Amino acid sequence: SCFGYPVSILFIVVNEFCERFSYYGMRAVLVLYFKYFLRWDDNLSTAIYHTFVALCYLTPILGAIIADSWLGKFKTIISLSIVYTVGQTVMSVSSISEITDRNQDGTPDNIAVHIALSMIGLILIALGTGGIKPCVSAFGGDQFNDDQEKQRSRFFSIFYLAINAGSLISTVVTPILRAQECGIHSKQQCYPLAFGVPAALMAVSLIVFVVGSGMYKKVQPQGNIMIQVCKCIGFAIKNRFRHRSKEYPKREHWLDWASEKYDKRLIVQTKMVLRVLFLYIPLPMFWALFDQQGSRWTLQATTMDGNFGAIQIQPDQMQTINPILIVIMVPVVDVLIYPLIQKCKINFTPLRKMTVGMFLAGLAFIAAALLQVQIDKTLPVFPTAGQAQIKVINLGTGNANITFLPDVTNFSVQPNGSVNYKTFETSQIESVIVNIGSENTSESITLTSSSRHTLTVKNTETGVAAVMLFDNVTEKPEEGKNLIRFINNLPQTINVTMGETDFGRLDFLSASNYNAFSGGGTENIVVITNATTCTTTSKALGFGGAYTIVVNQCSGTVTDLTYVEDIPPNTVHMAWQIPQYFILTCAEVVFSITGLEFSYSQAPSNMKSVLQAGWLLTVAVGNIIVLIVAGASKLSEQWAEYVLFAALLFAVCIIFAVMAYFYTYVDPHEIEAQLDEEEKKKQVKQDPDLYEKEAEAVSRM
């Protein structure tokens, strides 16, 4: 021992820190991996994410049964940690695009292989993290003797700190790793590194745990109480069905039908557990909202501006607000809020606290919906089926009058100016007439459905030139990047380089393809003509926009560029997500922590693990609810989905409040003491000399 603590707990705490780093680090970048690497849409990414989380909270029941009934906690942790490490490794391998990138363009050629590997990895991770979840903390508690209650209590505080530290650090670090560019043939978002570091930490976790093997106190499996409870319930239901005839007298409670096989203590304890589990029925709706921090709220952040001055925040890093606020709000609520409520003589019972927590979670989603409305106002409108959009850029020195036929839509464009995209039905436009001064030209047009086009016009010495360009961008740039292309407005051929990207040779009035650049920064632009080379620095273009840069002049050290905005950048700042995170964190403090406290206070001493399993099951069901609601709602607007979830939680909150009103608090210790007394009286009846024998045994001590 060291300072009164078993040395073995050091290995257990380090093991838990590494495991939580591994899990939360992988989970932080998971939904963006689905969206940007596997190329799934937002709905499918959200669905698979919540399926994975649900599985992670279903498997603890399996892990508890294996540990308590067969292998014991130590062997269960070792076995499932190996499965866990393999799963994390498979996830890292699945994100390496070069596995199937035969044409070396940086994107997988056979995405099905990567999807299959990803699903295998996630299933193994879910089995591993869920399977060891109920074992590690209990195994740590087993290391203490019965007279070390104080040390055991402090151990659980340190253990909880290790969980939060691993979660917080990994949620900061892995998005930074993901944002790095890596690759053999071309530079891409570095998902192999973002998944590889958590895999390495899980391997470290396993090694550390094995190193401490000789110091552990290993308790042999003694049977799982959950199995006994399930058997008791099953027998009661079966026995009641057998005796459904009216000739059999009714019993006070349907569980009393198990009395033929099971003792009174187990039946009474099971009744107490079922009363609490009944209150758990509405709780999954809270978790349905809470766990969307890692899916919908992260996706919401991808359409926002993450520029915090000297720091660029990644969308998946916004999740760190929750653990940071937890560290702040838990003591504030315990030391300040609850005592203040108590001084106001308000009976703020645990169930009332949980009701308030559910209400606050609903308010958090109302805040998210209001924010989404503001984001939607900044998003561009893209053409739908049967539509096309045309943008006009005037590269000349005179006003350009544009007329589209046979629709007869006309407008004017200033010199060196532009008119933003206008939407047309593809069947309405056949040609365009361009007038600049006394010169004009007419061009036939063929528009592609659901596409964008740019019409460049310019008055030249030989007349009016009009060139229709195809814009192959019909969605916002990914991950806050900017898309940039160049148009040559010089009479000679030029070559353009921006940063490390070569846009190639551009003839007069021709345009390059769009290329992606990291948002928020500046890049060096080099324009090479037959006569000279011009170098300049681009202006900062924000995040998530698309731009056309027109090269108007290159002579000596002078470079004249015109920036045309094709897709507006993200203008709503990520800081506006902080209020919804704050409200949801407050909801978690008064709901989750109170819920666990209430469950333990109402559970029999030997059945706390049953309620722990039930609590984890509510989290799993909550994630399944996200799949059902998001899939069945078919709402096209994201803000409407947020409102729907909030409305459902408000409705469930009312139901829970009614259930809580009729709930009667019990003292399990008092009930168990009564059972002990009854059992003793029963033994006295069987052996009248029992008290005398006990007194004699005491006198001899």
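Me: What percentage of the residues of the protein chain count as buried?
Reply: This is a predicted model, and 50% of the 701 residues of the protein chain count as buried.

Me: And how many helices and strands are there?
Reply: The protein chain has 17 helices and 20 strands. Its C-alpha atoms fill a box of roughly 125 × 60 × 50 Å along the principal axes.

Me: Which residues are linked with Arg 20 in a network of salt bridges?
Reply: Glu 16 and Glu 19 are linked with Arg 20 in that network. The closest N and O atoms are 2.7 Å apart for Arg 20 and Glu 19, and 4.0 Å apart for Arg 20 and Glu 16. Arg 20 and Glu 16 sit four residues apart in helix 1, about one turn.

Me: Is Arg 20 buried or exposed?
Reply: Arg 20 counts as buried, at 5% relative accessibility. Glu 16 is buried too, at 7%.

Me: Switching topic: what does Asp 256 form a salt bridge with?
Reply: Its partner is Lys 271, with the closest N and O atoms 2.7 Å apart. Asp 256 is in the loop between helix 7 and helix 8 and Lys 271 is in helix 8, so the pair ties together parts 15 residues apart in sequence.

Me: Which residues form the positive surface patch?
Reply: Lys 231, Lys 238, Arg 242 and Lys 261 form it. Arg 242 lies in helix 7 and counts as exposed, at 53% relative accessibility.

Conventions: Residues are numbered from 1 along each chain as its sequence is written. This is a predicted model: local features need pLDDT of at least 70, side-chain atom pairs count only at pLDDT 80 or more; totals for chains, interfaces and linings use all residues. Side-chain values use heavy atoms; hydrogens and water are left out. Patches are made of residues with over 30% relative accessible area and no salt bridge: like charges are joined within 9 Å, nonpolar side chains (Val, Leu, Ile, Met, Phe, Trp, Tyr) within 5 Å. Accessible areas come from the Shrake-Rupley method with a 1.4 Å probe; for residues, only the protein chains shown count as cover. A salt bridge is a side-chain nitrogen of Lys or Arg within 4 Å of a carboxyl oxygen of Asp or Glu. Lys and Arg count as positive and Asp and Glu as negative; His and the chain ends are not counted. The place of a charge is taken as NZ of Lys, CZ of Arg, CG of Asp or CD of Glu. Helices (H or I, at least four residues) and strands (E, at least two) are DSSP runs, numbered from the N terminus. Buried means under 20% relative accessible area, exposed over 50%, partly exposed in between (1.4 Å probe, protein chains only).
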